[in-house]
Amino acid sequence: MTEPAMVKAALTSQSIETPSWAYGNSGTRFKVFARPGVPRTPQEKLDDAAKVHEFTGAAPTVALHIPWDTVDDYAALAAHARDRGLTLGTVNANTFQDDDFRLGSVCHPDPAVRRKALDHLLACVDIMDATGSRDLKLWFADGTNYPGQDDVRERQDRLAEALAAVYERLGDDQRMLLEYKLFEPAFYTTDVPDWGTAYAHCLKLGPRAQVVVDTGHHAPGTNIEFIVATLLREGRLGAFDFNSRFYADDDLMVGAADPFQLFRIMYEVVRGGGLTEDVAFMLDQCHNIEEKIPAIIRSVMNVQEATAKALLVDREVLATAQRTGDVLEANAVLMDAYNTDVRPLLAEVREEQGLDGDPMAAYRRSGWATKTAEERIGGQQAGWGA
């Protein structure tokens, strides 16, 4: 049985990165509902992120998205983050919102377009140098809609060439995180559709190329925890993009659709030694009908709860049941941990850190939502694609 002190220590050291874009207006393909008080600048996004960290104690880093978070001085932006108790984390590239990328970016048949996409990726590494960020995250919307539209094998060659150029540009302490997605927006072929494709490219590049597992990017019924276990075993799990889905990539609050799945994933993380700084725990969510900051706070809490339950699994008893073929006992060990109410434990952990045991209630009392709604008048609200 894991000692309570060890569980508390692991929970206290856990860090969950929040995404800058989750603080802005975002939504579905049909409608984006604007809310009062939404940030207008990258600096105001950091101000909101600081509130999440203030009340959870577990969200000290913020991921950027370029060009959505473009500023003139990235060192100054990093200083703005530090002044609020934060650091700038993963830099996310964007090669899917330029008209030139209609037929793809780094996989495009036109060398000039591929060069444009590559230049953007290299510029993102320059930004990492200025912000002190460790990770560059790459997700490509590249693919085809029709059979025969392009040569599938050649597109993989083009992708490999671009990834190699970016990998070569990375500093010694920087990493490339390659994300995969089952489909969308390409309907016939997607150039990085699954973890195997991402893993194969990373394997050729070297140890600083790692795979990102977005929990919403899988076909229904996919055993995501198996993927996590395998990538951890191979030393290639670089990061998570935590969200929740009912279809394919809904970007809902993590744990909202299937909290038991999140627990199973976190158990494999614990089992595989993934509760280290080498695996980045990031949120990738869009909040349309709900308030932004409370939704992010709740997401952080959901990850913490799943982690706490995973840490409570009696691994010795479980191992014995597995070795002896006691199927029901093995399953019961996992279920006992999952059915444990860990909220009092997490409240205790927060209070020992000098925080309120209930982050949601503490945020409500802070009056931040009212304050920002009154102050953030005028200007252009940040939003998806802005």
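Which residues line the largest cavity? In this predicted model, local features need pLDDT of at least 70 and side-chain atom pairs count only at pLDDT 80 or more, whereas totals for chains, interfaces and linings use all residues. Residues are numbered from 1 along each chain as its sequence is written, and side-chain values use heavy atoms, with hydrogens and water left out.

The lining of the largest cavity consists of Leu11, Thr12, Thr56, Gly57, Ala58, Gln304, Leu346, Val349, Arg350 and Gln353. A cavity is a set of points, on a 1 Å grid over the protein atoms alone, where a 1.4 Å probe fits but cannot get out, and lining residues have an atom within 4 Å of a point. The space in the largest cavity is about 40 Å³, a volume being the space filled by probe spheres set on the points, which are joined across faces, edges and corners. Helix α12 (343-352) gives the largest share of this lining, 3 residues; helices (H or I, at least four residues) and strands (E, at least two) are DSSP runs, numbered from the N terminus.

Attention now turns to strand β3. Because 5 of its 6 residues (87-92) are buried, β3 is largely enclosed by the rest of the structure; buried means under 20% relative accessible area with a 1.4 Å probe, protein chains only. Strand β2 (residues 61-65) pairs with β3 in the parallel sense over 4 bridges, where pairing requires that DSSP finds at least two bridges between two strands. Within this pairing, leucine 88 of β3 is the bridge partner of valine 62. Strand β4 (residues 135-138) also pairs with β3 in the parallel sense, over 2 bridges, and lysine 137 in β4 stands opposite asparagine 92.

Note on methods:
Buried < 20%, exposed > 50% of the residue type's maximum accessible area, 1.4 Å probe, protein only. 1 Å grid on protein atoms, 1.4 Å probe; cavity = no way out; pocket = protein on both sides within 12 Å on 5 of 7 lines; lining within 4 Å.
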